[in-house]
Amino acid sequence: MPKETVTITDNRTGQSYELPIERGTIKALDLRQIKTGPSDFGLMTYDPGYMNTASCRSRITFIDGDAGILRYRGYPIEELAEKSSYLEVAYLLWTGELPTVEGLERWKHGVRYHTMIHESIKKFLDGFRHDAHPMGILVSTVAALATFYPEAKNIEDPETRRIQFYRLISKMPTLAAFAYRHSVGMPYVYPDNSLGYAENFLNMMFHGREPVGSLNPDSHHSPVLARALDVLFMLHADHEQNCSTSSMRMVSSAFTDPYTSVAAAAAALYGPLHGGANEAVLRMLREIGHVQNIPTFVAAVKRGERKLMGFGHRVYKSYDPRAKVIKYWADRVFEVTGHNPLIDIALKLEEIALADDYFISRKLYPNVDFYSGIIYEAMGFPTDMFPVLFAIPRTAGWLAQWRESLEDPDLKIARPRQIYLGPEQRSYVAIDKRRDSVEGNGIE
Ligand code: SDX
């Protein structure tokens with residue numbers, strides 16, 4: 001039986017070290033014993049972007065990027081998308097198991113009765129410019145929630161964590177819908193607890209608004225659209241240690257409260273390379289405008305001048321399984337909303353890219369963001385709401401990972417090391433003895 005170790009020989013000293021291998025990893029701290037002498041700090045790893053670093057041990061989500069596999073607590077995403085619901089998936093992510101009939105009813109009842117937000121929050125919602133980006137509003141308002149629930153700082157108490165989980169899952173759609181209604185100058189629509197989770201959100205968003213496309217007046221109550229949105233919420237619920245979830249774990253490792261930590265995670269998600277990609281995809285498709293313009297755009301991507309937004313992934317080096325499910329639901333949604341011509345451009349763009357060696361050689365495939373925005377637009381969501389539609393469901397993943405991190409005996413405050421390349425020690429220079437400012441110093 002081969003030993004589960006690796007032997008490293010330091011050619012600077014000729015000394016060898018045998019390090020244990022556990023689940024395909026070595027402990028970075030085990031490298032510190034590799035020194036050239038007693039004053040040597042010891043070896044570290046250098047891994048910008050954490051391309052090859054496991055930051056934690058987790059039992060929540062499993063991804064096999066080469067095989068295009070995504071499972072929440074062992075359940076394949078395809079099965080959950082077909083048979084489950086977002087609230088059931090949120091329960092699964094948090095507890096590790098699917099709920100019983102009674103358990104799901106208790107959970108749904110609790111969510112229903114936490115959807116309201118404090119009336120004072122409307123005062124600072126009104127303080128935003130009418131054209132404030134809804135993600136900027138959401139990040140700010142979810143952080144502000146911490147000031148309404150100061151007891152949430154007691155993060156070591158399981159009961160406190162449980163209550164904040166209910167509150168955040170329940171209130172994110174309300175904050176999101178209120179941000180949108182503010183941006184279009186329409187009165188806030190309060191949560192209607194007789195409606196399902198996705199249906200309630202659609203109602204808070206679109207009640208009283210002129211329906212888009214071929215939608216009939218109450219089409220945002222369409223069961224097809226509500227189910228499609230609930231499936232999209234499930235697909236976006238968690239994705240192991242992505243940028244925003246890692247931000248959640250990093251910020252909360254300082255024992256920061258969950259509202260402020262979720263705000264940090266949402267801030268990371270806002271980036272166009274992450275959850276902001278769905279918004280960037282729509283802007284890209286609109287810029288391309290027609291299938292005849294695709295070759296010119298693809299040529300610019302291959303010259304390195306543009307990115308094909310919605311393509312590529314740090315982990316998936318084959319088709320993102322979520323994109324497949326989203327494509328299926330696009331047709332269902334268009335049956336209600338009318339066809340979105342942007343999907344024709346997207347399908348042609350995918351066809352051309354997947355036949356081009358530039359993308360094939362880099363293993364660039366459509367990711368979750370490539371098609372989701374097209375559905376959201378067809379449903380009547382404005383483009384700048386798309387990252388918000390990612391943040392709402394990902395709150396379940398952020399919080400499940402937050403709970404897991406706090407219950408992890410290995411938990412330590414995140415504090416990476418660095419490779420210092422700055423100047424050696426030097427003495428202070430009086431201002432009249434300093435030479436001219438360095439050109440291009442980025443400040444003057
Ligand atoms: C999400 O991590 C997660 O799990 C995230 C997510 C989740 O659920 O949380 O799945 C959600 O964020 C999906 C990704 C959404 N982002 C986009 O669609 C933006 C476009 N994609 C790229 O920016 C990029 O693919 C990333 C950021 C997603 C991944 O970047 P990596 O892993 O750092 O890869 P890389 O930048 O090192 O790219 C490797 C090569 C490079 O070419 P070379 O320098 O080797 O010549 O591929 C190229 C890149 O230039 N490349 C692209 C490209 N993505 C990578 N070229 C053109 N278009 C692209 N989209």
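In the predicted model, helix α6 comprises 26 residues, 158-183, and its first and last C-alpha atoms are 37 Å apart, close to the 38 Å expected at 1.5 Å a residue. Of the 26 residues of α6, 21 are buried, so the helix is largely enclosed by the rest of the structure. After α6 comes G185, a residue with a positive phi, near 65°.

Helix α7, residues 197-206, is also mostly covered, with nine of its ten residues buried. The buried set consists of Y197, A198, N200, F201, L202, N203, M204, M205 and F206. These buried residues of α7 pack against several other helices, namely α2 (86-95), α3 (101-112), α6, α8, α16 (368-379) and α17. A glycine with positive phi is found just after α7 as well: G208, at about 85°.

Helix α17, one of the packing partners of α7, spans residues 386-406 and includes S405. The relative accessibility of S405 is 3%; because buried means under 20%, S405 counts as buried. Apart from its neighbours within four places in sequence, S405 is in contact with R249, S252 and L411. Two of these contact residues, R249 and S252, fall within the range of α9 (243-252).

The ligand is surrounded by 23 residues, of which H239, H313, R314, R322 and R394 are the closest. On the backbone side, an N or O atom of L308 lies 2.8 Å from a nitrogen atom of the ligand. Among the side chains, a polar atom of N367 is placed 3.0 Å from an oxygen atom of the ligand. For R394, the corresponding separation between a polar side-chain atom and a ligand oxygen atom is 2.8 Å. The ligand has 1,000 Å² of accessible area on its own, and the protein covers 74% of that area.

H274 is located in the loop that joins α10 (258-269) to α11 (277-288). With a relative accessible area of 15%, H274 is buried, because the limit for that class is under 20%. When neighbours within four places in sequence are set aside, the contacts of H274 are N242, C243, S244, A268, L269 and D369. Among these contact residues, A268 and L269 fall within the range of α10, while D369 falls within the range of α16.

Y50 counts as exposed, its relative accessibility being 52%. Phi of E240 is likewise near 50°. E240 occupies the loop between α8 (223-235) and α9 (243-252). At 24% relative accessibility, E240 counts as partly exposed.

Definitions and conventions
Residues are numbered from 1 along each chain as its sequence is written. This is a predicted model: local features need pLDDT of at least 70, side-chain atom pairs count only at pLDDT 80 or more; totals for chains, interfaces and linings use all residues. Side-chain values use heavy atoms; hydrogens and water are left out. Helices (H or I, at least four residues) and strands (E, at least two) are DSSP runs, numbered from the N terminus. Buried means under 20% relative accessible area, exposed over 50%, partly exposed in between (1.4 Å probe, protein chains only). Contact means heavy atoms within 4.5 Å. The expected span of a helix is 1.5 Å times one less than its number of residues. A residue is near a molecule or strand if one of its heavy atoms lies within 4 Å of it. A polar contact is a pair of N or O atoms within 3.5 Å; within protein, one must be able to donate a hydrogen and the other to accept it, and residues adjacent in sequence count only if both atoms are side-chain atoms. Accessible areas come from the Shrake-Rupley method with a 1.4 Å probe; for residues, only the protein chains shown count as cover.
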